[in-house]
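Please read the following briefing alongside the sequence and the model.

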Amino acid sequence: MDRKNLRQQLLESYPVRIELHAHTQPASGCGRVPGDQVAKNYKAAGYDAVVITNHFSRGTLIDYYQPSCKAESIEKYLADYYLAKRTGDDIGLKVFLGAEIRFEKTGGNDYLLYGMDEALIDAAFDYIDATPQEFYTRGKDPRTLFIQAHPFRDDMTQLPPEFLDGFEVFNMHPGHNPRIALAERYANEKHISLKTIGTDYHYTGYENLCAARFPALPEDSFELAEMIRSGDFIGEIGDSLIIL
Ligand SMILES: [Zn+2]
Ligand SMILES: [Zn+2]
C-alpha cells in the first residue's frame, strides 16, 4: 500500500479528533482565551471534542480565588468548563471535564486527569496538599486516569511509574521544551505503555494544534478515559503529521 493510502486508511479508522490538553482563562491564570472562545476555535479547526484541563493547584484554586473557601473556589474553577460546554453544546463540539493537578507542597510536576466530574474535582481538592503518590493510591477514583504532563520539561522530575497511568510524551506548548525523544525513550525503558499527546493550549496563534484521534466519539469524560486507557488512538500534529 502506498503512503498516501495508508494515511487515508488511518484517518478513516481514527476519524474523531480530540484535544486532550487545553486551558481557559480565568481558571488558568496563564490562559488567554475564555472557554466559549476555546470551544469555537476548536470547532473551527475541525475538532470533535476538547478536554478542558485547567490548572488545579493551591496557587490557582486557593490564592488566586477565595482563600479558605473551597466551595467558591471550585465553583469558579468549574465555571470555565461550563462556559466552554454550553458553547460546545450550541455549536456541536463535545467538551469534557479534565484537570491538570499540581501538588505544590511536594514539587512542581503537573499531572493530567481524565475521567472526572464535579464530585471528583471536589474530592481532588482535599488532596491538593498531599503527595502525588498519596493521591494515586488513596485519592483517585479508579475510573480516573493519572498522566504525568510533559515529564521532561525543565524542572520536572519523573514520578515512579507504579504511581502513574501514563506519560504525556507529546506536549506541544511552544514556550517549553518537552524533550519528546527523552520522554519516549524513558517511557519505553520503564514500560510506561500509555503515551498521550496534547497541545497544552493557552493562546490563539499556535502554529499547530495536536489531536488525539480516536475510532469513535466518547459520551463523557469517563468513557474518554476508558478509550485513552485502551491505547487505541493515534496522534496528529497539525493537519498532516500522523504519530503512532
Ligand atoms: Zn498554564
Ligand atoms: Zn497545561
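Arg179 sits in the loop between strand E8 (166–171) and helix H7 (180–189), where helices (H or I, at least four residues) and strands (E, at least two) are DSSP runs numbered from the N terminus. Its phi is near 50°, a positive value in a residue other than glycine. With a relative accessible area of 30%, Arg179 is partly exposed; buried means under 20% relative accessible area, exposed over 50%, and partly exposed in between, with a 1.4 Å probe and protein chains only. This is a predicted model, in which local features need pLDDT of at least 70 and side-chain atom pairs count only at pLDDT 80 or more, whereas totals for chains, interfaces and linings use all residues. Residues are numbered from 1 along each chain as its sequence is written, chains are lettered from A and ligands numbered from 1 in the order in which they are written, and side-chain values use heavy atoms, with hydrogens and water left out.

**Other backbone features**

- Asp200, found in the loop between strand E9 (195–198) and E10, has a positive phi of about 55° although it is not a glycine, and with a relative accessible area of 2% this residue is buried.
- The peptide bond from Gln25 to Pro26 is cis, with omega near 15°, and Pro26 lies in the loop between E1 and H2.

- Ala22 belongs to strand E1 (residues 16–22) and counts as buried at 0% relative accessibility.
- Leaving out residues up to four places away in sequence, Ala22 touches Tyr42, Val50, Val51, Ile52, Thr53, Asn54 and Tyr201, a contact being heavy atoms within 4.5 Å.
- Although Ala22 and Ala99 are 77 residues apart along the chain, their C-alpha atoms are separated by 9.3 Å.
- Thr24, in the loop between E1 and helix H2 (35–44), also counts as buried, at 0% relative accessibility.
- Beyond its neighbours within four places in sequence, Thr24 is in contact with several residues, among them Gly31, Pro34, Val38, Ile52 and Asp80.
- Thr24 and Thr53 are 29 residues apart in sequence, and 8.3 Å separates them in space, C-alpha to C-alpha.

- Asp220 is placed in the loop between strand E10 (210–214) and helix H8 (221–230), and at 36% relative accessibility it counts as partly exposed.

**Cysteines**

- A search of the whole structure finds 0 disulfides, a disulfide being a pair of cysteine sulfur atoms within 2.5 Å.
- Cys210 is in no disulfide, and the nearest cysteine sulfur, that of Cys30, is 17 Å away.
- Cys210 counts as buried because its relative accessibility is 0%, whereas Cys69, at 27%, counts as partly exposed.

**The chain as a whole**

- The protein chain contains 8 helices and 12 strands, and of its 244 residues 52% count as buried.
- Its C-alpha atoms fill a box of roughly 60 × 45 × 30 Å, taken along the principal axes.
- Among contacts between residues at least 6 apart in sequence, 70% join residues at least 24 apart.
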